[in-house]
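Please have a look at it first.

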Amino acid sequence: MSDLTPQSEAPTPTTDKITQAARETIYLCNFRVSVDGEWLCLRELNDISLTPDPEPAHEDPKDPIAIERLNLMNMAKLSIKGLIESALNLGRTLDSDYAPLQQFFVVMEHCLKHGLKSKKTFLGQNKSFWGPLELVEKLTPEAGEITASVKDLPGLKTPLGRGRAWLRLALMQKKLSDYMKTIINRKDLLGEFYEPNALMMEEEGAVIAGLLVGLNVIDANLCMKGEDLDSQVGVIDFSMYLKDGAHSSKSTEGDGQITAILDQKNYVEELNRHLSASVNNLQAKVDALEKSNTKLTEELAVANNRIITLQEELERVKEEGSYFVESSRKASRADGTANGQVLGETRKQLKEETQLRLDVEKELELQIGMKQEMELSMKMLEKDICEKHDALVELRQQLDDVRTLNHELSVKSQSSESSAKQKSDIIGRLEEKTNQMGSIIKQLESSEKDMAKQARTLNTAAGKLLQRQQ
């Protein structure tokens with residue numbers, strides 16, 4: 001081991017700190033981890049110091065912290081890829097005893113521990129990645145359920161055990177990638193827990209968060225009751241990733257097929273998310289139209305009451321006019337020599353009452369016409385809402401069909417090469433349904449615009465009606 005240790009001319013605080021960190025972790029700086037195709041390669045730093053690796057061109061190839069970050073990123077790539085391949089070949093839900101899954105959690109633990117600041121306590125210095133994981137609850141409220149579950153788990157006495165339990169629950173929830181992206185994007189908050197050159201503060205952390213998206217195709221059922229997460233020793237087993245000479249080209253072809261199947265599955269899942277969002281938007285629009293319909297119905301009821309009031313007033317005016325006509329006739333018969341001035345005033349009053357009656361009749365006709373127009377508009381609006389509802393039901397049914405096809409695709413992705421033709425047929429059907437749903441959504445959007453115009457017209461008419469009533 002002494003031959004593999006880099007020689008330093010003079011000890012410095014920085015080298016002492018690096019040496020101490022190397023003793024605590026397994027990703028020693030004496031070796032460099034790189035990916036040769038899909039296999040792990042270990043090379044001594046003394047061999048590569050004369051010929052720098054062209055990958056990290058912007059960093060010093062002799063910087064031990066940068067080499068640690070690159071080693072961890074390559075290990076994360078191999079761990080995630082091996083876990084996905086083995087899980088798909090296994091074809092069942094993973095449990096806590098599955099070796100590739102255990103190695104994945106060990107690698108993630110080393111990634112989260114890299115560059116952690118030490119916190120002094122009365123028991124000594126303490127390094128724990130539980131603090132950064134608690135930030136997720138503040139940035140993403142839906143992560144509060146995981147944090148509460150971790151705190152309620154019996155037997156967890158240390159922050160390290162709580163952090164390990166949090167990683168397992170996030171993987172089962174298929175939200176590990178989203179949560180990691182959330183905290184990596186807030187480097188201003190991570191600076192409280194990590195050194196500036198830590199993996200979580202550099203671009204390698206964002207790469208690992210992107211790689212975690214592939215784990216959403218894995219189903220895991222991890223029972224943490226009775227499992228001692230506080231005292232587990234996290235050691236990376238490199239033998240799982242060392243190259244085997246008997247490895248044939250068939251595995252490469254199988255990897256290509258698995259990659260294509262995973263891409264198809266991710267596409268279908270993304271399509272499901274978009275369709276769910278479209279259905280929610282349409283549902284919100286239908287609810288808004290129903291509220292508008294209710295409001296217009298209330299306004300129509302107010303207009304009907306106003307028409308009834310005007311009709312009663314018209315009847316009263318007719319009765320008063322008839323009374324004045326009869327009074328004038330009786331007065332003319334009883335006293336033919338009545339004063340002409342009184343008769344003129346009576347005629348003038350009769351003329352005014354007649355004009356008022358004509359005005360009331362015109363207003364009543366106008367109100368009746370507006371009422372008929374509003375009733376017609378309400379019927380058309382109800383018809384459009386029914387059509388929207390039918391289209392929404394059909395769209396939901398198609399969405400269920402897509403989800404069913406997605407489930408079939410995920411089941412068939414675990415079968416042999418003989419099911420490739422069936423998968424292509426399913427994909428064709430999905431594309432056809434996607435095109436159909438796209439055309440349906442366009443039709444719904446166009447009809448929605450028409451309904452919005454009709455609603456604005458009705459609102460304008462109702463406003464005018466209210467102004468006339470005032």
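The largest cavity has a volume of about 50 Å³. A cavity here is a set of points on a 1 Å grid where a 1.4 Å probe fits but cannot get out, and lining residues have an atom within 4 Å of a point. The structure is a predicted model, in which local features need pLDDT of at least 70 and side-chain atom pairs count only at pLDDT 80 or more, while totals for chains, interfaces and linings use all residues. Residues are numbered from 1 along each chain, and side-chain values use heavy atoms, without hydrogens and water.

Among the residues that line the largest cavity are Glu299, Met374 and Gln469. The largest share of this lining, four residues, comes from α13.

Now to the charged pairs. The structure holds nine salt bridges, each a side-chain nitrogen of Lys or Arg within 4 Å of a carboxyl oxygen of Asp or Glu. Here are some of them:

| Pair | Closest N and O atoms |
|---|---|
| Arg69 and Glu204 | 3.4 Å |
| Asp219 and Lys174 | 2.8 Å |

Are Arg69 and Glu204 buried or exposed? Both Arg69 and Glu204 are buried, where buried means under 20% relative accessible area, exposed over 50%, and partly exposed in between (1.4 Å probe, protein chains only). Arg164 and Glu109 are buried too. By contrast, Asp219 is partly exposed, with a relative accessible area of 43%, and Lys174 is partly exposed at 30%. Finally, salt bridges that share partners join Glu109, Lys113 and Arg164 into one network.

Notes
1 Å grid on protein atoms, 1.4 Å probe; cavity = no way out; pocket = protein on both sides within 12 Å on 5 of 7 lines; lining within 4 Å. Points joined across faces, edges and corners; volume = space filled by probe spheres on them. Helix = DSSP H or I, 4+ residues; strand = E, 2+ residues; numbered from the N terminus.
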